[in-house]
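User: I am new to protein models. Can you show me how to read one?

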Amino acid sequence: MTHSATAENESTSLAFPLVGIGASAGTAMVLRLDGHEVKTASDGPSAMQIATDFQPDVILLDIGLPDMDGYEIGRRLRAMPDFAEVLLIALSGYAGEEHLDRATQAGFDHYLVKPAGLAQLNRLIMSPRSL
């Protein structure tokens, strides 16, 4: 994992798959303003490519991505040694125990239901891994 820090501000590299315009674009923008390097993708295969090329510290992954859902991306990333310690956060419009269980089985550390608060998201980004 790459984690760069300065005396004034700690910056974390993030991969943030983007499903469309709206809250997702706004979240990515705010995370950039907070000093994070953010990459975005509009579908599952692009998210996989960005993650493997970028090697982020944190991946905020929308579960409802087209062409390959977030659960499948999570499983594939966790199967790769380079992603064993990456903080993997699911962001979903789906609430309920079934979806949390699926996220846990796919290897996610945290599961957030939209709309996720930015303060909560920032706390998770800076926290150790744990679901």
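Predicted model: local features only at pLDDT ≥ 70, side-chain atom pairs only at ≥ 80, totals over all residues.

User: How many helices and strands does the protein have?

Analyst: Helices (H or I, at least four residues) and strands (E, at least two) are DSSP runs, numbered from the N terminus. Here there are 5 helices and 6 strands. Their order is β-β-α-β-α-β-α-β-α-β-α.

User: What share of the residues is buried?

Analyst: Buried means under 20% relative accessible area (1.4 Å probe, protein chains only). Of 131 residues, 44% are buried.

User: At what angle do α3 and α4 pack?

Analyst: Axes are lines fitted to C-alpha atoms, for helices over the stretch in contact, and angles run from 0 to 180 degrees between N-to-C directions. Angles under 35 degrees count as roughly parallel. Helix α3 (residues 70-78) and helix α4 (residues 97-106) pack at about 25°, axes 8 Å apart. The two helices are therefore roughly parallel.

User: Which residues of α3 and α4 meet?

Analyst: Contact means heavy atoms within 4.5 Å. Tyr71, Gly74, Arg75 and Arg78 in α3 meet His99, Arg102, Ala103 and Ala106 in α4.

User: Which residues are buried in α5?

Analyst: In α5 (residues 118-125), Leu121, Leu124 and Ile125 are buried. They lie on the same side of α5, because their arc is only 100° around the axis. That arc is taken from the directions from the helix axis to the C-beta atoms.

Definitions and conventions. Residues numbered from 1 in each chain as written. Heavy atoms only, no water. Buried < 20%, exposed > 50% of the residue type's maximum accessible area, 1.4 Å probe, protein only. Parallel < 35°, antiparallel > 145°, perpendicular 65-115°, else oblique.
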